[in-house]
Amino acid sequence: MSDRPDEVLDLFVIGGGINGAGIANDAAGRGLSVGLCEQGDLAGATSSASSKLIHGGLRYLEHHEYRLVREALREREVLMAKAPHIIWPLRFILPHRPHLRPAWMLRAGLFLYDHLGKRKRLPGSRSIRLDHRQGLAPDITHGFEYSDCWVDDARLVTLNAIQARNHGAEILVRTRCIDAQERDGLWELTLEETEGGARLTRRCKTLVNAAGPWVESVVRGQAHRHSRYGVRLIQGSHLIVPRLNHDERAYILQNTDKRIVFVLPYEEDFSLIGTTDRRYEGDPSGIEASQEEIDYLLTAVNAHFRTQLSRESVIRTFSGVRPLCDDESADPSAMTRDYTLDLDTHGAPLLSVFGGKITTYRKLAEAALEALSPHLPKMRPDWTAEALLPGGEIGDQAAFETRLLADYPYLDTGQARRFARTYGTLCREFLDGRDSQAALGEAFGAGLTAAEVDYLVEREWARSAEDILWRRTKLALRLTASEQQRLADYLEAATANGTTRPSPTGASPRRTPPERAASGSSRGS
């Protein structure tokens, strides 16, 4: 990363979660000069700890969040078209339990859910009979079925960052903003690399604070301004357990406290259970699921399913904090999930983002740029509604998987399916020019090879095994501890000797020669 003291960017974004990446992408595509810094990895905090859904939010109807639900339902259609490789339809079963909510209330809510937004691609809701095939408790015999969508949340962030870079944006990972000063009507930012401590300067006309859980501290600390809004951190925790049901449907379970718990099909062999809602007041970077939350989720699931789970059933937990705009609600579940944009023009413009949902990130970005438009008169019109995200030129996943197997017959079906659902057409960047599994280089397990790892380092900002195994892929669920350590050793050695050279912006790849890649070991995957 070089210093650029004389260059003045139109816009600089602090925060590499979904809101920051979405704003940077939209702005860069409108012809603006854009920079972004992220103190850790892209999607390294809240944006990779979601329930991984593109949804309107059925439960938000009870809190009269009609505008938010309508916007989210409309965006559900837009995002399905933009990213068919990482977003796909998911049917949900809602078991009816009369002592919690009457059937008429559920029917009314689902009717609204079907009709509040423009639903073109997804089937509507219906009443269903439930029996032993769903694995539910014997007393649960009736329910409802409706549609929403699944998303790979961390990859959604990365794809927005890639597209922003393709439009000329500078993406700086593991780089924090330590100070922001106003000089002659501009922002002058002091940035610091978290690995090594090197400092650099960026200047910009407008500054966007999309720091998520750290949004308020950036306003007061780095930007030296007063915040009109407070942020309340709400912890949400999830469990990963062995697969509970054997079809591709998800479950939305009513709990006795009137909250809901999702049971979602996850990575084919697992179920993802979540989420909780409780106030969090600690360091957002050190969050983890509490024993109380684990017991809460297990109790909710065990009340509905024949198969009973224990703490020993839990393979992994993960937690995130939602940085919601503090509306002084006493009930965390009732706090609005809508976003609030705070534009401070007392000096150089500072736009701070409070709240928001993954589903509405694109509309939030449009609203942010609309708010900043008086300060950026050369900005071109909005464009993201119709544009595919990188890798999205697949038609549909099944058809693209078939094409991959035809074009690269040495792939096994598991690899082809994962590549279709993770990269879409981007996987051709590390498959083209290779004619065998051996040519993909060292096999780390579960179909992960050196060719894919090198691509992730060179083009997708990955630095560590965790970046690759939990955010760029979910292969930590497949690799043994020794295989994960081998990957970590490979990354350390490759970086040290320069064979795989991560670019700070991801903009200047150094391709790995096929002959070097082919020289690795050929452990089975």
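Okay, let's start with a network: D41, R174, E195, R463, E466, D467, R471 and R472 are linked by salt bridges. By salt bridge I mean a side-chain nitrogen of Lys or Arg within 4 Å of a carboxyl oxygen of Asp or Glu.

Quick housekeeping. This is a predicted model, so to speak of local features we need pLDDT of at least 70, and side-chain atom pairs count only at pLDDT 80 or more, while totals for chains, interfaces and linings use all residues. Residues are numbered from 1 along each chain as its sequence is written, and side-chain values use heavy atoms, with hydrogens and water left out.

Now the layout. The protein chain splits into domain 1 (8-46 + 154-230 + 336-375), domain 2 (88-149 + 232-325) and domain 3 (397-497). Those bounds come from an automatic or database domain assignment.

I'd like to look at domain 1 against domain 3. Taken over C-alpha atoms, their centres are 30 Å apart. Domain 1 brings 15 residues to the contact and domain 3 brings 11, contact meaning heavy atoms within 4.5 Å. And how much area is buried between domain 1 and domain 3? About 1,300 Å², with carbon and sulfur atoms giving 49% of that. Buried area here is the accessible area (1.4 Å probe) that two parts lose on being put together, summed over both. On the domain 1 side, D41, R155 and R165 supply 43% of the area buried against domain 3, more than any other three residues.

Helix α4 (residues 153-166) gives the most to the side of domain 1 that touches domain 3, with 7 residues. Helices (H or I, at least four residues) and strands (E, at least two) are DSSP runs, numbered from the N terminus. That side of domain 1 divides into 8 nonpolar, 2 polar and 5 charged residues. For the classes, Ala, Val, Leu, Ile, Met, Phe, Trp, Tyr, Cys and Pro are nonpolar, Asp, Glu, Lys and Arg are charged, and the others, Gly among them, are polar.

Take D338 and R67, whose side chains meet at 2.6 Å, N to O. This pair links distant parts of the chain, 271 residues apart: D338 sits in the loop between β16 (316-325) and β17 (339-344), and R67 in helix α2 (residues 66-82). D338 counts as buried at 15% relative accessibility, whereas R67 is partly exposed at 39%. Buried means under 20% relative accessible area, exposed over 50%, partly exposed in between (1.4 Å probe, protein chains only).

Another one is E182 with R225, closest N and O atoms 3.0 Å apart. E182 lies in strand β8 (residues 175-183) and R225 in the loop between α5 (215-222) and β11 (231-242), so the bridge ties together parts 43 residues apart in sequence. E182 is partly exposed at 37%, and R225 is buried at 8%.

Then there's R322 with D277, at 2.7 Å between the closest N and O atoms. R322 is in strand β16 and D277 in the loop between β14 (270-274) and β15 (278-279), 45 residues apart. Both ends are buried: R322 at 18% and D277 at 13%.

Most residues other than glycine have a negative phi, and most peptide bonds are trans.

On phi, two residues to check. E268, in the loop between β13 and β14, has a positive phi near 70° and is partly exposed at 45%. W461 has a positive phi near 65°, lies in the loop between α11 (450-459) and α12 (465-472), and is buried at 1%.
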